[in-house]
Amino acid sequence: MLLSAVCNYASSQDLHLNDLEYFETQGVNVLVYSNLFTGGFNDEKTAGIELIHHGVRTAQGGAVRLSNTPEQWDLVPAIPSRTVEQESNTIESVLRYEDYDFDSRVVVTAKGTGVEIAVYLDQPIPSELEGSAGFNLEFLPSQYWGKTYLMDGRINRFSRYVVGNTVTRPNSQKLKQYKGYVTSDDRGTGRFIEPLPLETGRSFLLAPEDPERMVKITSHDADLMLFDGRVLAQNGWYVVRSLLPAGKTGKVLSWTVEPNAMNGWVREPNIGFSQVGYLPSQPKVAVIELDKKDKPLAKASLYKIDADGKAVEAFSGNIAPWGDYYKYNYVKFDFSSVNTPGIYYIQYGDFKTNNFLVEDNVYDKITDATSDIWIPIHMNHMFVNEAYRVWHGEPFEDGYLQAPPNTDHFDLHRQGPTTDTKYKALELIPGLNIGGFFDAGDFDIETGSNIGVVQNFVQTWEYFKPLRDQTFVDQEQRYVDLHRPDGTPDVLQFIEHGTMNLVAQAEIIGHMAQTLSNSVLDNYHHLGDAASLTDGLPYNPNLGPYEVASDGRSSGVKDDMWAFTSRNPGLDLRAATMFAAASRALKGYNDDLSERALQQSKRLLNEATELLADQPEDRTDRGRGSANLGTNLQLYISTGEQEYLDNFQELLWPALDRNVSSTILTALHAIPHMEASYKEKLRPYVVKYKEYIDGLENDNPYGVPIGLGNWAGAGGVVNFGTTICFANKHFPEIIDACHAFKTTNWLFGCHPYHNYSLVAAVGAARPKAVFYGNNRADFSFIPGNVAPGILFRQPDHFENYDDWPFLWGQNEGTIGGNTSYLIFGSAFKNLVK
């Protein structure tokens with residue numbers, strides 16, 4: 001009966017190689033190294049041979065790999081060549097592991113409804129890779145757990161939670177990881193963990209009961225093994241693997257992979273709308289994303305839910321075509337004429353949305369969760385409590401050690417050939433464990449991000465003076481309590497907290513550190529309470545591993561955080577900008593910190609300018625840029641000194657000529673502090689910015705700047721919205737306020753792939769269910785988080801997983817991004833009022 005059901009789902013649609021160089025039939029896309037392993041963060045689960053199955057990327061990582069369940073920092077292959085043969089329906093790629101001088105060729109050929117994946121070797125596997133090198137293909141756990149699988153006819157079920165058998169082996173048998181990093185702490189055993197297969201056989205069938213997820217894999221030369229990658233890392237996937245044979249050349253492995261394609265399948269329409277809702281008076285346009293085989297309907301309707309629970313059609317309107325954008329076709333439904341407050345939903349054919357509001361107050365609370373919950377939870381060096389819950393204890397009481405020279409860091413930092421400080425390698429730098437904010441889903445202080453964060457807080461304070469007070473902050477107790485007012489505006493306390501750490505860096509180190517971060521990889525990927533990331537005791541090299549000194553004040557555990565202190569004058573310039581702004585905001589609240597910040601601003605500006613003048617011209621231009629522009633503006637606002645105004649004016653106009661969209665916001669911030677002639681001189685640049693806004697309407701159906709990189713583009717959309725708010729404030733006759741609603745629409749659900757709010761905001765009817773935060777292992781989120789959003793994968797696929805939090809490029813909220821959202825939300829609410 002089971003096999004009969006499988007056959008009923010089967011389709012006769014053959015895969016073919018399309019013009020975008022991937023294999024395609026309706027409902028199935030097989031990508032072959034369209035997206036490459038980056039080498040920076042290595043295995044990001046977004047590369048290799050990938051399967052987009054009925055609209056969802058359910059498999060990736062197809063490649064020759066060197067372990068059963070590769071972790072993020074395991075070695076990944078380079079792809080030096082990729083050849084597409086349209087006539088033979090074949091893509092051939094060379095995979096190379098430089099560390100082992102090991103090359104293989106992976107040839108993928110369309111075979112009926114599936115593909116053949118063949119591995120060729122021109123030379124035998126290097127002896128040190130025998131028993132380790134194999135071909136892997138990884139499947140997304142959240143799309144398969146709870147479903148069944150068959151291995152050679154034996155029935156089993158994918159587990160929701162990782163349970164499996166492991167063994168340990170001597171560390172001498174473990175292959176090297178990226179740059180020699182080690183992802184786990186063996187606790188002195190000298191052994192590492194190796195997962196064992198859940199099943200072994202030659203024929204593997206995934207999810208026969210689910211036609212959208214059914215895949216059959218047949219191996220013709222070697223056993224298939226199924227592993228659960230979550231044994232070693234919570235972000236691991238299910239792995240199907242076959243070892244490559246030792247001592248052989250030529251075609252050494254062959255799989256047939258047959259993803260089921262449902263007959264007549266057409267992707268359901270994605271009706272994009274704002275989950276937060278709409279003002280009665282604002283433009284209201286739903287963007288509907290359609291499969292290109294789906295014929296657009298002529299009309300859609302808006303239904304109003306009355307007080308008795310009945311739904312009544314309130315409006316019916318025509319569907320307007322927009323056109324194709326990458327993989328899908330887009331149409332629009334304009335219901336702007338509906339201005340009666342109430343509860344509504346959109347009906348498009350057989351599909352209807354969840355409900356949303358039309359009301360005057362829908363935007364009143366869009367920043368509350370971010371300011372009340374997400375931001376205070378990310379206050380470093382503090383104990384953070386919420387009612388019965390402790391979010392984290394006080395982290396890093398052991399402080400920060402000087403990073404040794406010539407140290408490459410796994411988070412893409414580097415300590416240069418000297419420390420650029422008075423401290424010796426691994427010497428404690430006292431006084432740095434104060435203030436500051438966790439960067440994102442991890443627990444480091446990224447100095448550049450924290451500089452931007454304080455600037456965002458200062459702008460929010462100076463422009464909008466938010467008096468909201470829902471957080472208790474006591475710096476002496478190092479204690480934060482959520483939902484407990486303490487009589488001081490929260491934003492002012494956030495400015496103080498960020499400035500405390502950055503001033504400490506400038507005063508103690510003498511300049512800005514690159515980062516205050518983890519020294520070992522096994523606690524960089526720490527999930528849990530930040531206070532448990534280290535043991536709270538400074539490292540003592542005179543003690544044995546894991547030994548604690550008799551006085552209890554030091555230990556032999558190498559878990560301490562490091563300060564990476566190589567000097568970057570461009571970063572110092574950015575800090576000078578921030579210190580000048582922070583000094584104004586803190587004056588009258590914390591006068592001592594205010595004065596110290598202003599002193600450091602002037603000093604760093606002078607020193608950084610001299611250092612940049614001694615650098616080659618191309619580096620000087622990059623360093624001066626927008627940082628020096630902003631620094632001089634902030635110092636002029638703080639001091640009123642003419643030299644800073646002259647420097648600002650000298651730098652501004654050439655910068656606007658080079659790139660209006662990236663410079664105009666700084667120019668707009670200067671208007672209140674300038675003479676009337678300045679605003680008139682700026683006017684033609686605002687006109688040019690309007691041309692940029694108008695161009696976005698033709699670029700994509702959403703009318704916002706959509707990022708296409710490895711980090712999704714919500715940050716760019718937020719900045720776009722902030723710029724519009726300030727441009728409208730000063731030039732309403734040029735920049736219409738309606739453009740700002742494009743940003744809220746995008747953030748709150750009107751975007752590709754799904755229609756969930758990218759912000760876990762108060763008022764959003766359906767925010768995303770999971771985010772990449774420091775509680776991601778719980779498949780949850782921290783309220784107020786803002787996801788990077790809709791990630792583009794080459795050559796034509798947008799995605800945002802809502803059942804799998806672990807892809808940072810689409811789900812990780814950052815302190816920089818979330819505070820940028822805070823200033824946008826504040827500016828937007830001001831515009832609305």
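The legends below describe close-up views of a predicted model.

**View 1. The largest cavity and the residues that line it.** A search of the whole structure finds three cavities of 30 Å³ or more, and the largest cavity has a volume of about 80 Å³. Its lining is made up of V30, I49, E50, L51, A59, V115, I117, L137, F139, V257 and P259, which by class are ten nonpolar residues, no polar residues and one charged residue.

**View 2. Strands around the largest cavity.** At least two lining residues come from each of β4 (49-53), β9 (114-121), β10 (134-139) and β20 (250-259). Of the elements that contribute to the lining of the largest cavity, β4 gives the most, with three residues.

**View 3. The second largest cavity and its lining.** The second largest cavity holds about 40 Å³ of space and is lined by R267, E289, K327, Y328, Y330, P752, Y753, D796 and F798. Divided by class, the residues of this lining are five nonpolar and four charged, with no polar residue among them.

**View 4. Helix α12, residues 714-730.**

Definitions and conventions:
Residues are numbered from 1 along each chain as its sequence is written. This is a predicted model: local features need pLDDT of at least 70, side-chain atom pairs count only at pLDDT 80 or more; totals for chains, interfaces and linings use all residues. Side-chain values use heavy atoms; hydrogens and water are left out. Helices (H or I, at least four residues) and strands (E, at least two) are DSSP runs, numbered from the N terminus. The expected span of a helix is 1.5 Å times one less than its number of residues. On a 1 Å grid over the protein atoms alone, a cavity is a set of points where a 1.4 Å probe fits but cannot get out, and a pocket is an open set with protein on both sides within 12 Å along at least five of seven lines; lining residues have an atom within 4 Å of a point. Grid points are joined across faces, edges and corners, and a volume is the space filled by probe spheres set on the points. Ala, Val, Leu, Ile, Met, Phe, Trp, Tyr, Cys and Pro count as nonpolar, Asp, Glu, Lys and Arg as charged, and the others, Gly among them, as polar.
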